[in-house]
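Please look through the sequence and the model below before reading on.

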Amino acid sequence: MKDHLSKAIVDGIRVYAAVTTNLVDEAAQRHQCYPTATAALGRTMTGALLLAANLKNKECLTVKFAGDGPLGRVVADASSDGFVRGYVEQAQADLPLHEGKLAVGAGVGQGLVSVTRFTGLKEPITGSCEIVTGEIAEDLTRYLYVSEQTPSSIGLGVLVDKELKATAAGGFFIQPLPDVADSALDQLEENLKRIRPVSAMVKDGLDANGIIGELFAGRDINYLETVDLAFKCQCSKRRLEEVLLSLGEADLRSLLDDGQAEVTCQFCSEKYCFSREELAALLQVSLKLSEKKE
Ligand code: ZN
């Protein structure tokens with residue numbers, strides 16, 4: 001099944017559901033994640049895609065968990081057209097299972113969760129709040145309530161097998177619209193108490209519409225649209241040249257002394273090699289830039 005996200009409206013409630021198994025596995029393989037990191041990153045990337053589905057064309061957002069746990073920072077960028085990228089600072093942090101489950105909360109630790117929205121018009125807007133459980137879904141739900149005054153319910157799940165492959169990943173995002181009836185909310189609350197983990201739904205082969213169907217069983221669901229999702233980074237050799245230039249003259253000279261440089265994109269682990277000639281050319285650019293400043 002291709003990764004995808006579906007949108008629907010049910011009795012004055014907006015609901016998005018996503019199946020993200022392939023893109024989570026791609027991120028896990030790119031960053032050589034151990035299972036806890038795969039779960040933390042997979043949940044964060046899926047959560048970012050679900051939040052980004054609310055944005056308009058060409059807008060994007062960044063979700064960042066800056067906790068003090070062994071995983072370090074967990075970061076995901078997602079756009080409204082269904083692309084996502086992300087990384088875990090310590091992808092190989094190895095944590096024992098907690099009550100038979102991946103210890104994502106302990107891995108993330110205490111700190112801040114923040115969401116930055118890039119709307120293209122004004123300066124990006126960032127909101128943040130304290131991480132409560134570090135389990136990602138609860139923290140994003142609380143973030144939306146505390147920082148954006150938006151009540152919502154978010155579920156996220158990732159299953160990882162013994163070969164470190166992500167075998168099922170997905171999530172849902174539920175948001176009552178202003179005209180929702182109390183009875184619809186009560187029924188939703190009852191449904192949410194009974195539902196199984198979203199990763200189990202994906203493992204059983206449900207697509208995003210199927211997840212929505214299970215969340216709102218027996219209700220009149222108005223399915224809207226479905227969009228494809230994929231892992232995609234915006235990095236390029238050109239962008240990494242800028243990173244090298246920002247290092248300044250002394251560091252560039254020392255790279256040149258080494259004869260070559262290999263720069264790795266933090267978001268996708270793609271490696272870019274710079275030859276002696278390329279480094280020498282960058283050093284010239286750097287010298288010209290500093291001349292201009294003087
Ligand atoms: Zn990249």
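What radius of gyration does the protein have, and what value would a compact globule with 294 residues have? In this predicted model, the protein has a radius of gyration of 21 Å, which agrees with the value near 19 Å that a compact globule with 294 residues would have. The C-alpha trace spans about 70 × 45 × 35 Å along the principal axes of the protein, and the chain holds 10 helices and 13 strands.

Some further values describe the protein as a whole.

| Property of the protein | Value |
|---|---|
| Residues that count as buried, of 294 residues | 49% |
| Contacts with a separation of 6 or more that join residues 24 or more positions apart | 63% |

**The zinc site**

The zinc ion is coordinated by the SG atoms of Cys233, Cys235, Cys265 and Cys268, at 2.3 Å. Because the angles that these four donor atoms subtend around the zinc ion are 102 to 114°, the arrangement is tetrahedral. Along the chain, the donors of the zinc ion follow the spacing C-x1-C-x29-C-x2-C. Within this site, Cys233 and Cys265 link distant parts of the chain, being 32 residues apart: Cys233 lies in the loop between strand E11 (230-231) and helix H8 (237-247), whereas Cys265 lies in the loop between strand E12 (261-264) and strand E13 (271-274).

Are Cys233 and Cys265 buried or exposed? Cys233 is buried, and Cys265 is buried as well.

Conventions
Residues are numbered from 1 along each chain as its sequence is written. This is a predicted model: local features need pLDDT of at least 70, side-chain atom pairs count only at pLDDT 80 or more; totals for chains, interfaces and linings use all residues. Side-chain values use heavy atoms; hydrogens and water are left out. Donors are N, O and S atoms within 2.8 Å of the metal (3.2 Å for Na, K and Ca); water is not among the atoms, so sites may look incomplete. Four donors count as tetrahedral if all angles lie between 85 and 135 degrees; four count as square planar and six as octahedral if opposite donors are over 155 degrees apart and all others between 65 and 115; anything else is irregular. Helices (H or I, at least four residues) and strands (E, at least two) are DSSP runs, numbered from the N terminus. Buried means under 20% relative accessible area, exposed over 50%, partly exposed in between (1.4 Å probe, protein chains only). The radius of gyration is taken over C-alpha atoms; the globule rule is 2.2 Å times the number of residues to the power 0.38. Contact means heavy atoms within 4.5 Å.
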